[in-house]
Amino acid sequence: MQSDQELVLEFKSSIQKEGPFTQLLKRHQQKVYYQIKRMVNNHMDADDIAQQVWIKVWNKLDGFKMESEFTTWLFRIAYNETLNFIQKQQREALRQSDTENIDYEKNTSASGDPKSTQIQIALEMAIKQLPEKQRFVFMLRYFEELDYEKISKITGTTVGGAKANYHQALKKMEEILKKD
Amino acid sequence: MEHNNLDNTLLEDKNLANALVHKAAFEQFDDHVKEVPANYFDHQTATILKAVKNKNAPIIKIGLYSKIAIAASILTILATSYLYFQTKKNIDPSPVFVKIEEIPTADLEAYVNSNEFFIETDLQNSINEETAILSKINNNNQPNLDSNNINN
């Protein structure tokens with residue numbers, strides 16, 4: 001099985017780029033999708049964003065200098081696209097003047113599910129209320145189990161900054177959960 | 001050792017999160033994230049490949065000045081063709097020969113009537129020329145005759 005690096009080199013050097021691209025796509029599409037969906041909590045939105053991410057990968061892979069791992073670069077694109085999407089949503093919500101009273105409970109995954117616990121609903125709401133960067137860092141650390149060096153490259157911050165983001169996220173969640 | 005330290009740090013971080021809510025809550029959260037429609041990732045692969053293929057279709061961009069030049073060229077060709085064929089139509093390249101017997105009498109009469117003056121002038125000119133020739137001949141044959149009497 002070819003490594004990511006080998007596939008990237010093959011993509012760059014070959015006229016037939018679909019083969020190596022498809023292999024990279026199939027290898028990493030689930031992780032990318034899950035990370036995005038953890039942020040937006042909506043399949044349709046996550047699907048749209050994920051498609052944009054992979055189209056960007058296709059367009060920019062020739063210029064990828066391989067100074068970092070392919071997955072670092074890939075998640076960096078996913079991070080930027082996700083944040084752009086969320087910020088756009090927030091601007092549209094502001095324009096429609098309903099951002100002050102967003103019904104978080106309505107949009108949680110647990111809503112309508114009879115087996116969901118209040119704790120799960122509370123957790124989802126707490127995660128949703130995190131600032132986007134802290135949320136992304138928390139997800140990468142807790143669910144993807146990435147080290148801080150990689151997280152810092154993905155989010156464009158320092159290792160110390162990434163650690164701080166994670167612990168700030170924990171502190172914020174604790175405050176929200178205690179309120180509830 | 002470094003690898004273990006990294007693992008411990010990760011474990012510690014996760015334990016801190018788990019202390020907020022039960023670990024099961026995080027697991028349920030992620031289980032929901034991973035709920036996708038059937039065959040979603042196969043469908044996503046096909047959709048993305050189709051999208052990038054469409055992006056690869058050659059797009060021929062024509063700039064503004066090029067568009068103007070193309071339009072001007074087409075107009076020039078059309079105008080030239082129009083003028084050429086119009087000019088060709090107006091010039092009668094070959095004369096049409098018609099026998100006088102085939103021309104209807106009415107047409108002949110109409111022609112004569114409309115061109116009567118010119119015909120009479122031509123006729124008179126012809127008469128004058130013939131008279132002059134005859135006079136010469138007569139003068140040569142009969143030198144004592146008075147030429148004025150003949151002309152009157």
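The following paragraphs describe the two chains of a predicted model and the way they meet. Local features are reported at pLDDT of at least 70 and side-chain atom pairs only at pLDDT 80 or more, whereas totals for chains, interfaces and linings use all residues. Residues are numbered from 1 along each chain as its sequence is written, and chains are lettered from A, with ligands numbered from 1, in the order in which they are written.

Chain A contains nine helices and zero strands; helices (H or I, at least four residues) and strands (E, at least two) are DSSP runs, numbered from the N terminus. Of its 180 residues, 34% are buried, a residue being buried if 20 or more other C-beta atoms lie within 10 Å of its own, exposed if 12 or fewer, and partly exposed in between, with C-beta atoms placed from the backbone. Among contacts in chain A with a separation of 6 or more, 58% join residues 24 or more positions apart; two residues are in contact if their C-beta atoms, placed from the backbone, lie within 7 Å.

Helix α3 of chain A comprises residues 43-60. Its 18 residues should span 26 Å at 1.5 Å a residue, and its end C-alpha atoms, 25 Å apart, agree with this; the expected span is 1.5 Å times one less than the number of residues. The buried residues of α3(A) include A:Ala46, A:Ile49, A:Ala50 and A:Trp54. Leaving aside residues up to four places away in sequence, A:Ala50 touches A:Val32, A:Tyr33, A:Ile36 and B:Gln44.

Chain B has seven helices and zero strands, and 5% of its 152 residues count as buried. Within helix α2 of chain B (residues 23-33), the buried residues are B:Ala25, B:Gln28, B:Phe29 and B:Val33. These lie on the same side of α2(B) because they cover an arc of only 150° around the axis, the arc being that of the directions from the helix axis to the C-beta atoms. An α-helix has 3.6 residues a turn, so residues three or four places apart point the same way. The buried residues of α2(B) pack against α2 (18-40) and α6 (118-128) of chain A.

Across the interface, 26 residues of chain B are in contact with 31 residues of chain A. On the chain B side, α1 (2-18), α2 and α3 (40-56) each give two or more residues, and α3(B) provides the largest share, eight residues.
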